[in-house]
Amino acid sequence: MSPANTNLKETITTLLSQIGMSARAFQGTGLISCSPITGEAIGEVSSHTPTEMRAAIEKADLAFKGWRCVPAPKRGELIRLFGEELRQNKEALGQLVTIEAGKILQEGLGEVQEMIDICDFAVGLSRQLYGLTMASERPGHRMMETWHPLGVVGLITPFNFPVAVWAWNFALAIICGNATVWKPSEKTPLTALACQHLFDNAVAKFKDAPDGLSCLIQGGRDVTDVLVDHPRVALVSATGSTEMGRSVGQRVAKRFGKSLLELGGNNAMIVTPSADLTLAYRAITFSAVGTSGQRCTTLRRLFVHRSMKADVLTKLKQIYESLPIGNPLEEGTLCGPLIDGHSYTAFQNTVHKAQSEGGNLVAGGVRVLSDQYPNGYYVSPALLDMPDHTDSLFTETFAPILYVVSYDTLDEAIAMNNQVPQGLSSCVFTTDIREAEYFLSAQGSDCGIANVNIGPSGAEIGGAFGGEKETGGGRESGSDSWRNYMRRATNTVNYSSELPLAQGIKFDL
């Protein structure tokens, strides 16, 4: 498939019709979707107003009041039906993600698979919303904790994972008894429409779900502000930049709401002398250039033992110069476009800044395919040999830039890993069990994700996902992730005929 024989706008219409959507659904005004593949407009949807956002929140609040009374396993049945809709439409939705977000088709399909996986996970959790029973110090008393739905959950999601991040939150919020209001990225409105349509199909089959359980609001900062500040929104789950998260977190805290923040990453890999380099090179390549470096878990800093740095750079240069860059719909492409011109400018400026700090551009770092795609921003991933852990390495640039720095001791490498303000993902490649365990210990990586012999990029829904420091501290997926979307109550039941007080207090009338 190539631009010469494919009209992306027509392809979008075909894909949406395959999942049962009318062309009228994406013929609104106000919000234009452009594909990063060619830069062309592929659809326009209605942009909502702050008033419409407030109405959606009120509608979701009303839906919550009915949904919270439905038994959790029954709520799980709705998510099971949604998962079936996703299975049946995986190919079409995966292609839609690729066209609108620019990631290669395998990654687009993989993202939809994540949605399916989290639905399966949520269905299981709907029968495992456990509370503890505690021994009371007072005779004839029982203590326990119970968990209840929060209310309206606001979801703010990014362009780079336009459907998976939403599903991670949405599936669990629904089985926990909440209603949701979703504000997707302005850059990927069509995938949001498709997901809402598929959920509506599941609701129609379920039959007993209240109207307003999932409200989709498209738009910009003005509608986001309403969602963040509204007192009826019990939890705001926001994924994006650290700057965005800092604003959201402070504003939600000001009204004593809850927030779940998944923010920037500046992820590192340590390659030790004992590492299996065959594994390491594969992990480096996928982690550094997958999604064109536009993942929060992208590998950005590579710490290599001084004794092997020259050889590693030589091999990586060969790999980088042979990377298949191009149309993400075409088989064999490993690196597609950046999302837009702003991302390209940031990429270019960051490469120049690293060079001004003494960095040597070993490979890549330039725009490519501009003749074929004049309005698409394709770049050759940048490989930079850095003299030290300079200023550039403290900032996350959402683009395929890999800094390589040498180290002498493992403690030195771990210190550099931990030195940045972000704390999302990290890894070490070693066959020395002592090095591996040390990296995972309290003295090792300070990140929310720490891996051994696997890259920092990519996650399974069975494990908690999130990071520390300026990454926000939030956790999504994982065994106890459901607790984010519920409130805990402690209950004490007196089944005796006496009224003893705690701590042995005497208060007799």
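A surface patch here joins residues that have over 30% relative accessible area and no salt bridge; nonpolar side chains are linked within 5 Å. The model is predicted. Leu499, Leu501, Ile505, Phe507 and Leu509 make such a nonpolar patch, of about 660 Å². Phe507 sits in the segment after strand S21 (486–494). Its relative accessible area is 64%, so Phe507 counts as exposed, the cut-off being over 50%.

Now the interior. In soluble globular proteins, nonpolar side chains tend to be buried together. The largest nonpolar core has 100 residues. Leu78, Phe82, Leu93, Met115, Trp166 and Val181 have the most contacts inside this core. Helix H6 (residues 164–175) gives the most to the core, with 11 residues. Leu93 touches Leu86, Val112, Met115, Ala194, Cys195 and Leu198, leaving aside residues up to four places away in sequence. A second, separate core has 26 residues, including Tyr281, Val312, Leu313 and Leu402.

The structure holds 12 aromatic pairs. Two of them share Phe170:

| Pair | Centre distance | Plane angle | Class |
|---|---|---|---|
| Phe82 and Phe170 | 6.0 Å | 80° | edge-to-face |
| Trp166 and Phe170 | 4.5 Å | 20° | stacked |

Phe82 lies in helix H3 (residues 72–88) and Phe170 in helix H6, so their pair ties together parts 88 residues apart in sequence. Trp166 and Phe170 both lie in helix H6, four residues apart, about one turn of the helix. Trp166 is buried, at 0% relative accessible area. Phe170 is buried at 0% too, and Phe82 is also buried. Ring pairs link Phe82, Trp166, Phe170, Trp182 and Phe199 into a cluster.

Conventions. Residues are numbered from 1 along each chain as its sequence is written. This is a predicted model: local features need pLDDT of at least 70, side-chain atom pairs count only at pLDDT 80 or more; totals for chains, interfaces and linings use all residues. Side-chain values use heavy atoms; hydrogens and water are left out. Patches are made of residues with over 30% relative accessible area and no salt bridge: like charges are joined within 9 Å, nonpolar side chains (Val, Leu, Ile, Met, Phe, Trp, Tyr) within 5 Å. Accessible areas come from the Shrake-Rupley method with a 1.4 Å probe; for residues, only the protein chains shown count as cover. A salt bridge is a side-chain nitrogen of Lys or Arg within 4 Å of a carboxyl oxygen of Asp or Glu. Helices (H or I, at least four residues) and strands (E, at least two) are DSSP runs, numbered from the N terminus. Buried means under 20% relative accessible area, exposed over 50%, partly exposed in between (1.4 Å probe, protein chains only). A nonpolar core is a set of buried Ala, Val, Leu, Ile, Met, Phe, Trp, Tyr and Cys residues joined through side-chain atoms within 4.5 Å. Contact means heavy atoms within 4.5 Å. Rings of Phe, Tyr and Trp (its six-membered ring) pair if their centres lie within 6.5 Å; planes under 30 degrees apart count as stacked, over 60 as edge-to-face and the rest as tilted.
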